[in-house]
Amino acid sequence: MPLNLTQKLIQSHLLSGDMKPGQEIGLKIDQTLTQDATGTMVMLELEAMGVKRAKTEASAQYVDHNVIQVDNKNADDHLFLLSATRRFGLYYSQPGNGVSHPVHMQRLAKPGKTLLGSDSHTCANGCMGMLAMGAGGLDVALAIAGEPIYIKMPKVWGVKLTGELPAWVSAKDVVLEMLRRHDVKGGVGKIIEYYGPGLDQLSAMDRHVIANMGAELGATTSVFPSDGEIRRFLEQQGRADDWVELVADEGATYDLYEEINLSELEPLIAKPSSPGNVVPVSEVAGTPIYQSYVGSSANPGFRDFAIVAKIVDGKKAKEGVSFDINPTSRQLLTDLVKESHVASLLQAGARLHQAGCNGCIGMGQAPATGRNSLRTTPRNFPGRSGTLEDSVYLCSPETAAASVLTGVITDPRTLDMPYPKVEEPKNPTIDNKLLLEPLPLEEAQKVELHKGPNIALIPEMDELVDEMRLPVLLKMGDNISTDEILAGGARVLPFRSNLPEISKFTFEIIDRTYYSRAMASTGNGGHAIIGGSNYGQGSSREHAALAPRYLGLRVALTKDFARIHWQNLVNFGILPLTFVNAEDYDELKQGDVLLLTNVRESIKKSSEFLISVEGSNKKIAVKHTLSKRQVEVMLKGGMINWAKERHAQIQ
């Protein structure tokens, strides 16, 4: 039977289950990726499980998020991460080396391999013919320890690309077209596989752009074939031996089909405050902007910056507009300098920032109050920019460049100039200076973990109790993101290794009283929250589950969940339930008290059961989608307790 590319990747790594959509499968993980905002907790989890050495082919820890050092916290955490990578046998990418996703693509990604990362945009490396997925940090820690990742087998969504991109239209517009058609839930439960003659025009980095923002569609991941273009890319990186051809078999089929004629696309833009709120740029042209921001893992390639440099060359940014350039790697920045593109940008009035995630995650470059920010980043969830009432638009580099010259959102096709042609460097830079290789085992065992004063151990978590009386502390609507559950930014990210401190920011964007109300109810058996559809979309940050759990959250009851956040809730012993009847959502309000009885037996015996509302006759039918293995995890109070017991047996 002919196999598509996704089926080939999964079949070659399948350890348990069958490739039937909806069934739980276990997959062998070849590589892992962690970044400093999630990696500190991963390293603490490795220590807690007693792991001696990474069992993957390659695991890398990147420092790209917490690179603003206004006090000791971030610097101390970086020393901890350095010591942990030395101890556990991981690569260590030092501050300034760049954003994890393009750096991993340049230096470590291999076609045909699996990659699991504690960052939702890990899926970007699907551009390399890999099965690359984001997950919570605990799942990544388990993968480093040699455990499989368990997911529900997705449907495979084949997207055929035909035609050629017109002038002033680029890869960002392709994925924005997918979001325009399908919104932020369109990819849930699916892997998107791109194929067709339109691929011939898309470079490896163009494919990275599209695969990266598959996360915004809610997809498990996106995959591209490993073809001649990937071979060319690896040869440029001095890694020709890592290439293998990997394409779908002739006659392969898909569960779902889609076609995009690239020739018909136009410049697109996502309006505030959702990546799915996409319209043609021409529809919002003339809207004033305060900022035009170029960079991030969603537009990380040489072309993405060089095209901007060529558009603004010899011109000047509009007065009062902040023109921010966010390089994505040292390697890229070196090439931009060599080709004189940085000079063109600076002479046009650009501000050049260090290589890292920076403003994409709210670490600097926050926009002014009440002003519009135009960005080539992947997300514009409320508050993600670092300004609580932000107004962020997502666009291509071409649109960002055109708009910085005029001071208003501008369709780049209206510029009075021909579409610039960008030529890649003939000899691209290869830079390994800030990527430290793992130490030999004997040397690694002598390394002591360096823990600064901001490192706090993960508290013990109790098992799932049988009887629960849970007040509803919050009721929320649809598409609540992990940025809203637990914000990023310069105020919050430095506390990623300190759970008691970071928990103070929980749900602050939605309700600033949540923390105090949760703390006041501590010791009374916990509480519940109610959510709408697609609850927990966005980032893989496990702190969005761990911090509420620390504050007493025991049950999250929603219409449905985003994939990674649902898994994180399970990992930390928060029971994720959905309404059997969606209209029952309207029957509950904040302040109601939910009564759950015989919980342990209920989730073991059936996927559906009833809960009561105190002081009324209401009975609400709820269900869970836990596998038998996940029920065991939930009963033990979460994955840490389950893993400790299992790892002790393996050791």
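The structure is a predicted model, and in it the protein has 22 helices and 27 strands. With 651 residues, a compact globule would have a radius of gyration near 26 Å, and the 24 Å of the protein agrees with this. The C-alpha atoms fill a box of roughly 70 × 55 × 55 Å along the principal axes, and 65% of the 651 residues count as buried. Of the contacts between residues at least 6 apart in sequence, 78% join residues at least 24 apart. The exposed surface comes to about 22,600 Å², of which carbon and sulfur atoms supply 48%.

An open sheet is formed by 6 strands in the order β7-β6-β3-β4-β5-β20, with mixed pairing. Because β7 (131-134) and β20 (435-436) each have a single partner strand, one side of each is left without a neighbour in the sheet. Inside this order, β3 (residues 31-35) pairs with β6 (residues 114-117) in the parallel sense over 3 bridges, and L33 stands opposite G117 in β6.

| Helix | Strands touched | Angle between directions |
|---|---|---|
| α3 (residues 72-88) | β4 (58-62), β5 (91-93), β20 | about 155° with β5 |
| α5 (residues 137-144) | β3, β4, β6 | about 140° with β3 |

The largest nonpolar core holds 104 residues, of which M43, L557, L594, L596 and I603 touch the most other members. Leaving aside neighbours within four places in sequence, M43 is in contact with T34, Q61, F80, L81, A84, F88 and L90. A second, separate core of 52 residues includes L115, M205, M213 and F233.

How values were computed:
Residues are numbered from 1 along each chain as its sequence is written. This is a predicted model: local features need pLDDT of at least 70, side-chain atom pairs count only at pLDDT 80 or more; totals for chains, interfaces and linings use all residues. Side-chain values use heavy atoms; hydrogens and water are left out. Two strands pair if DSSP finds at least two bridges between them. Helices (H or I, at least four residues) and strands (E, at least two) are DSSP runs, numbered from the N terminus. Contact means heavy atoms within 4.5 Å. Axes are lines fitted to C-alpha atoms, for helices over the stretch in contact, and angles run from 0 to 180 degrees between N-to-C directions. A nonpolar core is a set of buried Ala, Val, Leu, Ile, Met, Phe, Trp, Tyr and Cys residues joined through side-chain atoms within 4.5 Å. Buried means under 20% relative accessible area, exposed over 50%, partly exposed in between (1.4 Å probe, protein chains only). The radius of gyration is taken over C-alpha atoms; the globule rule is 2.2 Å times the number of residues to the power 0.38. Accessible areas come from the Shrake-Rupley method with a 1.4 Å probe; for residues, only the protein chains shown count as cover.
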